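Reader: Can we go through this one quickly? Start with the overall fold, then the helices.

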Amino acid sequence: MTLLLDITHHQHFLQRMQHLIWLTVGLSALATALLGAWAARSGLRPLRRMSAVASGVSAQSLNARLPEEDMPPELAEMAHNFNAMLGRLDDSFQRLSAFSADIAHELRTPLSNLLTHTQVTLTRPRPIEDYREALHSNLEELQWMAQLVNDMLYLAKADHGLLMPKRERLELAEEVDVLLEFFAPLAEDARVTLNRAGNARIEGDRSMLRRALSNLLDNALRFTPVDGEVRVRIFDQPKGLSLTVENNGDGISEELLPRLFDRFYRADPARHEGSSEHAGLGLAITQSIIRAHGGQIRCVSDQGWTRFVIELPKGD
């Protein structure tokens with residue numbers, strides 16, 4: 001017995017369903033692609049903004065910043081770090097520009113003196129003694145310029161981590177006493193009392209540390225009034241040591257303290273151009289030496305005393 005069943009209607013229905021399913025899948029895929037492109041474009045908008053800011057950064061426009069409040073949470077930290085990087089670049093560039101201007105400022109006066117003095121000397125024949133005196137005068141200016149260049153090279157080495165202090169065991173009291181003995185005649189002429197208290201042992205570079213302490217003592221003597229006092233205090237602590245060089249006299253205003261260790265900076269507004277004594281590099285060199293030894297230095301000025309505080313590790 002044979003049974004015949006007409007399924008044409010069902011076949012047409014299945015074909016229509018298949019077409020409908022493929023159409024739905026196609027439309028869904030298209031909608032997903034469009035939504036994905038829109039979401040990606042919206043999500044990448046902060047990155048495009050960051051790229052636009054980065055492409056516009058130059059030596060003349062380092063003050064551009066990303067609006068952190070408009071960033072999605074996922075990119076907020078990146079925007080903050082990006083702005084911090086731009087801030088560091090801006091600060092470094094400003095310091096470099098100021099440093100270049102200061103170098104030109106410091107060298108302009110001695111070069112002008114040399115040129116003028118030499119030209120005047122050569123305007124007419126002179127006795128041998130006059131030429132000798134002119135050469136001695138020029139020699140002083142040349143020695144000042146050579147010292148300035150050496151100091152700048154020293155700071156450049158410090159910036160690139162090339163200061164490698166030797167490690168030898170030192171008695172700080174002995175090192176300070178040697179320096180105080182050296183400065184004693186100057187202190188006596190200025191009627192300033194020098195004294196030291198405390199002691200500690202440290203492993204460091206004798207010549208570098210003496211140079212740093214000499215800069216601080218010279219600085220203290222210059223700004224201590226008549227009948228004043230310069231004190232060196234050494235504190236031996238379990239995890240390190242602290243050394244202070246302090247002097248009484250006119251204090252330093254709080255807004256100037258952060259700039260004391262800047263190169264060519266002098267707190268005294270009566271700045272002497274091309275001074276052969278003080279170019280404003282001493283404290284910068286001192287800071288580089290202390291940092292090369294793994295320490296820190298800061299300045300505190302209050303109650304009629306100015307105090308430079310050095311904190312150093314003892315070493316092994």
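What follows is a short chat about the overall fold and the helix packing.

Author: Ground rules first. This is a predicted model, where local features need pLDDT of at least 70, side-chain atom pairs count only at pLDDT 80 or more, and totals for chains, interfaces and linings use all residues. Residues are numbered from 1 along each chain as its sequence is written, and side-chain values use heavy atoms, with hydrogens and water left out.

Reader: Fine. What does the secondary structure of the protein come to?

Author: Six helices and seven strands. Helices (H or I, at least four residues) and strands (E, at least two) are DSSP runs, numbered from the N terminus. Along the sequence the pattern reads α-α-α-β-α-β-β-α-β-β-α-β-β.

Reader: How many of the residues count as buried?

Author: 32% of the 316 residues. Buried means under 20% relative accessible area, with a 1.4 Å probe and protein chains only.

Reader: Now helix 5. What span does it reach?

Author: Helix 5 covers residues 206-222, 17 residues in total, and reaches 24 Å from its first C-alpha to its last. That is close to the 24 Å expected at 1.5 Å a residue; the expected span is 1.5 Å times one less than the number of residues.

Reader: Which residues in it are buried?

Author: M208, L209, A212, L213, L216, L217, N219, A220 and L221.

Reader: And how does helix 4 cross helix 5?

Author: Helix 4 is residues 172-189, and its axis comes within 10 Å of the axis of helix 5, crossing at roughly 35 degrees. Axes are lines fitted to C-alpha atoms over the stretch in contact, and angles run from 0 to 180 degrees between N-to-C directions. The crossing is right-handed, meaning the near helix is turned clockwise from the far one by less than a right angle.

Reader: Which residues make the contact?

Author: From helix 4, they include V176, L179, L180 and F183; from helix 5, R210, L213, L217 and L221 are among them. Contact means heavy atoms within 4.5 Å. By class there are ten nonpolar, one polar and four charged residues. Ala, Val, Leu, Ile, Met, Phe, Trp, Tyr, Cys and Pro count as nonpolar, Asp, Glu, Lys and Arg as charged, and the others, Gly among them, as polar.

Reader: Last one: P110. Buried or exposed?

Author: Buried, at a relative accessible area of 0%. P110 lies in helix 2, residues 73-121.

Note on methods
Buried < 20%, exposed > 50% of the residue type's maximum accessible area, 1.4 Å probe, protein only.
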